[in-house]
Structure formats: structure tokens, C-alpha cells
Amino acid sequence: MKKKDLILAGGICALALILWLAAQFFLPGNHRTIRITVDGELYGEYALEEDQVIAIGETNVCEIKDGRVKMIEADCPDHLCMHQKAIDAGGGTIVCLPNRVVIEAGKDDSGGGLDAVA
Amino acid sequence: MNKKTAYLGLFTAIAMIFGYVETLLPVFVGVPGVKLGLANLAVVFVLYEYGIKEAALVSVVRILAIGFLFGNLFSIAYSLAGAVVSLVCMALLKRVPGFSVVGVSITGGVTHNLGQLLVAMAIVENFSLMYYLPVLLVAGVITGFCIGVLAQEVRNRISGGPPGKFVKR
């Protein structure tokens, strides 16, 4: 363990913190819809307000409940997507790599950030 | 030569076992997809005791064997991306004076995650995965640090210091 190792580790952590803060600051978001894509192609857009269960092809099932989306079923062995953080109005992404399914927050509706305040 | 082949086979086997053992150790509960990368311990050790060619061999053989046994082509492509990027970056940093095994291993952990994130973005054709980047960077530093300290300790005990000493035994 040398000094340069610590500088390297600290530098990367600082970079991560800056990126995270930037994401929090610039992408607070007010999302009302979610977009589901399979293989990079749009599968469908759904309203966050409406509670429903959506079957994505034959491989995955997600559920919208109380304005939050979670993957509730997947036929892959690891089920990583089912443990990912739910998407809500603040945004987020759920990815199922084996089935190439992506659920992400839809278009931001917050009305142009600064302009809304000014 | 024969001795070296035997040792590299041994390290490949150890790397494969490590990959299994770490699934039994729930170190990062709650962070989906993040693991310790114990297999990298064997790769880092071989990188220091032999060199980049031998480390690449151990790494690639491990990934192919694990992939064909338990995974599929996607998981192989995915693992290879992380392994190649991290090994190249580790070998480069190893040449820079002032960095120890720990720094090299941290670089390996971080760049491994970067490589996998890039492949993931290419596979799902979606750039919003970038929001996961800060988490992966910090995770890479933590796992790389653990592996680096372990590698250092292992080298202190079985190779006794300067690079290559283990090889000559």
C-alpha cells in the first residue's frame, strides 16, 4: 500500500461523488410514464399513476403500484432485475440483461427546471 | 516449462473455485450485480509472479470454462469484456512507479466494472445505464482494495517478496 494507491482510490471515489451529485442535481425529474424497451426497440409506454401488471413478452413481468415500478417475474436464473431499485417519479432504470429488457422512466415532465422557478 | 504449465493450470483451477466460493459469501447484499471478484485474486497474483501473457491465459481459460459449463455466449462476452479491459489497465499501471498491488488491483476492479457497463449499454442499446456508473466506480474501488490487500498478503507468505521469486522455486 503506497501513497499513490490512496490518491488513486480517493480520486476515483471523488469522481463518483461528483457524477452522483451531478445526476441528482441535473436529473431530479418528474416522470409520469415508464418506457419499456426490448432489444433496443420500444415495447410500450405506461402511466405511472395507473396500477397494473404488465407482461413483457414471455420472459418478464413488471408491476406498477402506487406510482412505483418493480420487476416481479423473470425467467432468467439470477433474477437481478427483480432486486433492482423501483422506478418512481424521481426516475430510475431496471435492466434484465439476459432478456435484453430495459424499463426506464419516460419523458421528464418537470417543465424545464429553472424556467418554472423564474 | 512443465512446472510453469502445471502452476498456471493450478491457478486457473483456483480462479474457477474462487468464482464459486464468492457466490457463497454475501458481501454486497442489496447492490445487484456487484461481487467481490475473488477470481481476480488469482489473476493479480499470476500477473505479478509471471506476467501479463500468463495472467491473460489464466483469465481467459477460466472465463471460457465457466462460460461453457454454466453460462452462455452472452455471459462469456460480458465477462471477457471486463477481464480484458481490467487486465490491460492493470498491466499498464503496474509499469508506473509508485503503485503497489493494491493500486493495481483497484484499477482492475474499477476498469472491470467500466468494461462491463459499456458492454451492457451496447447489448441493451440504452445509455441511461450510465446512472449506475457512480455506484460501480465506488464498488470497483472497494472490491479492488480488498483483492489487492489479499494479493499482497498471499505474496508475502508464499512468494516471499520480489516478483518472480515464486516462479523460480
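A crossing is left-handed if the near helix is turned anticlockwise from the far one by less than a right angle, and right-handed if clockwise. The model is predicted, and its local features need pLDDT of at least 70. Residues are numbered from 1 along each chain as its sequence is written.

**Exercise 1.** How are helix 1 of chain A and helix 6 of chain B oriented to each other?

Step 1. The axes (lines fitted to C-alpha atoms over the stretch in contact, with angles from 0 to 180 degrees between N-to-C directions) of helix 1 (residues 3-26) of chain A and helix 6 (residues 133-158) of chain B cross at roughly 165° and come within 8 Å.

Step 2. Angles over 145 degrees count as roughly antiparallel, and the two helices are therefore roughly antiparallel.

Step 3. The crossing of helix 1 of chain A and helix 6 of chain B is left-handed.

**Exercise 2.** Which residues of helix 1 of chain A meet helix 6 of chain B?

Step 1. Contact means heavy atoms within 4.5 Å.

Step 2. Ala9(A), Ile12(A), Cys13(A), Leu15(A), Ala16(A), Leu19(A) and Trp20(A) meet residues of helix 6 of chain B, including Leu137(B) and Val141(B).

How values were computed:
Chains lettered and ligands numbered in written order. Predicted model: local features only at pLDDT ≥ 70, side-chain atom pairs only at ≥ 80, totals over all residues. Heavy atoms only, no water. Helix = DSSP H or I, 4+ residues; strand = E, 2+ residues; numbered from the N terminus. Parallel < 35°, antiparallel > 145°, perpendicular 65-115°, else oblique.
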